[in-house]
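Dear colleague,

Here is the structure that I promised to pass on to you, with the sequence alongside. Please have it open while you read the notes that follow.

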Amino acid sequence: MDFRYLAQAPRITSIIQDRIKATLAEFHNHKDKITEEGLRRGAESGSALNHWFIPKLELMQSVAPSISKLGVPVQWSADTTEHAHIEVIKEPASTTNHQNYDTQICRYLDRVERCRLFETATRLSALGDADDTHDQDLAVEDDGAEDDELNMADDEDAAAILKDIWSSRRSVPDFFGVAEKLRAALPGSIPHPVRTFSSGATALRVNRRPSIKRISIDKAAELFDIPDLRGALADYLSREGPHAQNFHSFGRQQRSPPGAHLPFSDLQVWYKVHLQQKSYHDSSSLEPVFTINACPPNHTWKYGRHDAAILQVDACHEWPASGLTGHTVVDVRLIMCPVSPRGLQLVWDDHLLVYVWRFDIVPQWQADVDLATGLHVLKRATRASGEFLGDVLPLDQIKSYAHLVPRFGEAADN
């Protein structure tokens, strides 16, 4: 893995080149031990192999010497040609009757090009006709303009039209700008709880209408399979006190009983939250929006649909500069907001909350990460009773989505 990562670096110095050679030499120095233990096996037969006749392994010997002559290998990537093969060969071939591929593929590409050119022509014509009246109104004012200036304006208009045709129709929304406007709005002029808000380098947004407008706490606990939901909410309120706090830690011992009394009995529930982050290297640049799901079981998702996220647990460490220090990986189980009883106004009814299960990082031998993949190994945190360690926290303590790769065992759980 080290060899592959080093060889793909966009800039390779003589020091990195020596490291590439050293990593490959290290493999060859220890490869006999792998065959002696019978760990190298055939993909089809499954029997132990005592050789290393792999063409790509032999090719690795020429990587380091070729860097000095041809430059970094990443510039010779085949991604462009492979993508062209998909677009020009595979996709057209899938529309054929699997006979006379060459003729049908050429006919398909010809028709696609004709459609593209026709769309370009009609869009240019439509936009041009719409501007004719406006151009005539301004004709008198434009008589004194220089010809080269007019030609330049025409070129810019054509470029703008072509950009409008071929560029992506979906622009990246600005959750941070929306959150700032809502923060500056006059009290009472916007609905509560606020659906779009930001914290640090992360902005969150839930839909205006909740997925479940009103549901009792006990029914929500049953629907989402969270037996300790009532107790977790009671612990949250005991930590919150009479006034709203901005930050909650995670992992304290649950003190409230499962049937604890709460000042409210109903919840609003959302099945998803949208998350946007600022670019790590350029805070003025916004990243695409991601969705974190927390859906109950249904006919499509037998066990529900739940995504992982990174949750801040220490106010002294900010994401992403601190990495996982002061943060933990969690499984998002329920996104909710308390509903005040009729005729009352509770201080907590404008707080979006989240119930999560925590993951613990499993220390690896002489390292914090798995040496083969370079990734953290996680397992679900549990209480002494064996139940998953869950807690209720403010939604704005979620700082990022987290992509988890399942680690399957020898048998599948059907």
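**What was found**

Of the contacts in the protein between residues at least 6 apart in sequence, 62% join residues at least 24 apart, where contact means heavy atoms within 4.5 Å. Please keep in mind that this is a predicted model, in which local features need pLDDT of at least 70 and side-chain atom pairs count only at pLDDT 80 or more, while totals for chains, interfaces and linings use all residues. Residues are numbered from 1 along each chain as its sequence is written, and side-chain values use heavy atoms, with hydrogens and water left out.

The protein has 11 helices and 13 strands, these being DSSP runs numbered from the N terminus (H or I, at least four residues, for helices; E, at least two, for strands). Buried residues make up 33% of the 414 residues; buried stands for under 20% relative accessible area, exposed for over 50%, and partly exposed for what lies in between, with a 1.4 Å probe and protein chains only.

On the helices, the axes of helix 2 (residues 14–36) and helix 4 (residues 63–70) come within 9 Å and cross at roughly 160°; axes are lines fitted to C-alpha atoms, for helices over the stretch in contact, and angles run from 0 to 180 degrees between N-to-C directions. That angle makes helix 2 roughly antiparallel to helix 4, a term that applies to angles over 145 degrees, whereas angles under 35 count as roughly parallel, 65 to 115 as roughly perpendicular and the rest as oblique. Gln-17, Ile-20 and Lys-21 of helix 2 make the contact with Ala-64, Ile-67 and Ser-68 of helix 4.

The structure also holds eight salt bridges, each defined as a side-chain nitrogen of Lys or Arg within 4 Å of a carboxyl oxygen of Asp or Glu. In one of them the side chains of Asp-266 and Arg-214 meet at 2.9 Å, N to O, and this pair links distant parts of the chain, since Asp-266 is in strand 4 (residues 266–270) and Arg-214 in strand 3 (residues 212–216), 52 residues apart. Asp-266 is buried, with a relative accessible area of 16%, whereas Arg-214 is partly exposed, at 40%.

A salt bridge is also found between the side chains of Asp-218 and Arg-230 (3.3 Å, N to O). Asp-218 lies in helix 10 (residues 217–223) and Arg-230 in helix 11 (residues 229–240), so the pair ties together parts that are 12 residues apart in sequence; Arg-230 is buried, with a relative accessible area of 16%. Arg-358, for its part, forms a salt bridge with Asp-360, their closest N and O atoms being 3.1 Å apart, and Asp-360 is partly exposed at 26%. Salt bridges that share partners join Asp-331, Arg-333 and Arg-380 into one network.

Two further residues may be worth a look in the viewer. Gln-268 has its place in strand 4 and counts as buried at 17% relative accessibility; leaving aside neighbours within four places in sequence, the contacts of Gln-268 include Pro-193, Pro-210, Ile-212 and Met-336. Ser-279 is found in the loop between strand 5 (272–277) and strand 6 (290–295) and counts as buried at 16%, and, with neighbours within four places again left aside, Ser-279 is in contact with Ser-285 and Glu-287.
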